[in-house]
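Work through the exercises below with the sequence and the 3D structure open. Try each task before reading its solution.

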Amino acid sequence: RLESRFAAGYRVQFSYNYSKFMEAVSYLNDTDSAPTHVIATQDRPHRVAANGIWELPFGKGRKFLSGSRGVMNHLVGGWQINVIFQYQSGAPLEFGNVLFYGNIKDIRLSSDERSVARWFNTDAGFEKVSSKQLVSNIRTFPNRFGGIRAPASSAWNASAVKNFRITERVKMQLRGESYNAFNQRDLAAPNMTPTNTAFGQITSTVADSNARWAMLALKVTF
């Protein structure tokens, strides 16, 4: 964690968390003697959070336009910009009881090979023919892999605040806030059913990832 305390009109905070979350709570097969040890669904190796506040250097007593008075000072002075950024790795993908004949190392694609139409290597050795799926079998294919994940998520939130002093005891604040300022939509996990024609493709966004929205508020304190 890094933090620059409020000075010279700005403050910045930055934090980065690296972690690994393993679990052994479920069985691959009912006949197994112990739960399988695998990466957990909640595992997010990388998480970044940053925020900053900047008091714009305009208006009375500031670096620029310091001689502003009356209406001019009300227009250009007292502005403050706030920005919040968050990012985290995607969840490990759940493959289920699939039939696989290839090399597990061939499933993952590099970042320059991945696309929404082919998020992982569907030709690595998966059995895709419906008639060849087994009714019952002893499963050996793992639940999840640490390096094969759903898309990461990120968000930018921003606000602009303007403070007015009406009298010695009365103050007013105009505040504009934008959530998901760049209108980013988080991509959902790809289709994980080998017999489906969309296997390995991302065809939707995360249901609770909000589109950009803005709010304007006026507050008076006395």
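**Exercise 1: A buried asparagine**

Apart from residues up to four places away in sequence, Asn-29 touches Asn-137, Ile-138 and Arg-139, where contact means heavy atoms within 4.5 Å. The model is a predicted one, in which local features need pLDDT of at least 70 and side-chain atom pairs count only at pLDDT 80 or more, while totals for chains, interfaces and linings use all residues. Residues are numbered from 1 along each chain as its sequence is written, and side-chain values use heavy atoms, with hydrogens and water left out.

Task: State where Asn-29 is found and which backbone atom its side chain reaches.

Solution. 
- Step 1. Asn-29 is in the loop between β3 and β4 (38-39); strands (E, at least two residues) are DSSP runs, numbered from the N terminus.
- Step 2. The relative accessible area of Asn-29 is 8%. Asn-29 is therefore buried, since buried means under 20%, exposed over 50% and partly exposed in between (1.4 Å probe, protein chains only).
- Step 3. The side chain of Asn-29 reaches the backbone nitrogen of Arg-139 at 2.7 Å.

**Exercise 2: Salt bridges**

Task: Find which side chains meet Arg-144 in salt bridges, and say how many salt bridges the count gives.

Solution. 
- Step 1. Apply the rule: a salt bridge is a side-chain nitrogen of Lys or Arg within 4 Å of a carboxyl oxygen of Asp or Glu. The count comes to 7 salt bridges.
- Step 2. Arg-144 meets Glu-23 in a salt bridge at 3.2 Å, N to O. This pair links distant parts of the chain, 121 residues apart: Arg-144 lies in the loop between β6 (79-88) and β7 (153-165), and Glu-23 in strand β3 (residues 22-23).
- Step 3. Arg-144 is buried at 8% relative accessibility, and Glu-23 is buried at 14%.
- Step 4. Arg-144 also meets Glu-94 in a salt bridge, at 2.6 Å, N to O. Both Arg-144 and Glu-94 are in the loop between β6 and β7, 50 residues apart. Glu-94 is partly exposed, with a relative accessible area of 37%.
- Step 5. Turn to another group: Arg-1, Glu-3 and Arg-5 are linked in a network of salt bridges. Arg-1 is exposed at 71% relative accessible area, and Glu-3 is partly exposed at 36%.

**Exercise 3: The nonpolar core**

Task: State how many residues the largest nonpolar core has and which residues Phe-95 is in contact with.

Solution. 
- Step 1. A nonpolar core is a set of buried Ala, Val, Leu, Ile, Met, Phe, Trp, Tyr and Cys residues joined through side-chain atoms within 4.5 Å.
- Step 2. The largest such core has 16 residues. Those with the most contacts inside it are Leu-93, Phe-95, Ile-107, Phe-120, Phe-126, Phe-141 and Ile-148.
- Step 3. Leaving aside neighbours within four places in sequence, Phe-95 is in contact with Ile-107, Phe-120, Phe-126, Phe-141, Asn-143, Phe-145, Ile-148 and Met-192.
- Step 4. As background, nonpolar side chains tend to be buried together in soluble globular proteins.

**Exercise 4: A residue in a strand**

Task: Say where Met-215 is found and whether it counts as buried, exposed or partly exposed.

Solution. 
- Step 1. Met-215 is in strand β9 (residues 213-221).
- Step 2. At 37% relative accessibility, Met-215 counts as partly exposed.
- Step 3. Not counting residues up to four places away in sequence, Met-215 touches Arg-175, Gly-176 and Glu-177.

Terms used. Helices (H or I, at least four residues) and strands (E, at least two) are DSSP runs, numbered from the N terminus. A polar contact is a pair of N or O atoms within 3.5 Å; within protein, one must be able to donate a hydrogen and the other to accept it, and residues adjacent in sequence count only if both atoms are side-chain atoms.
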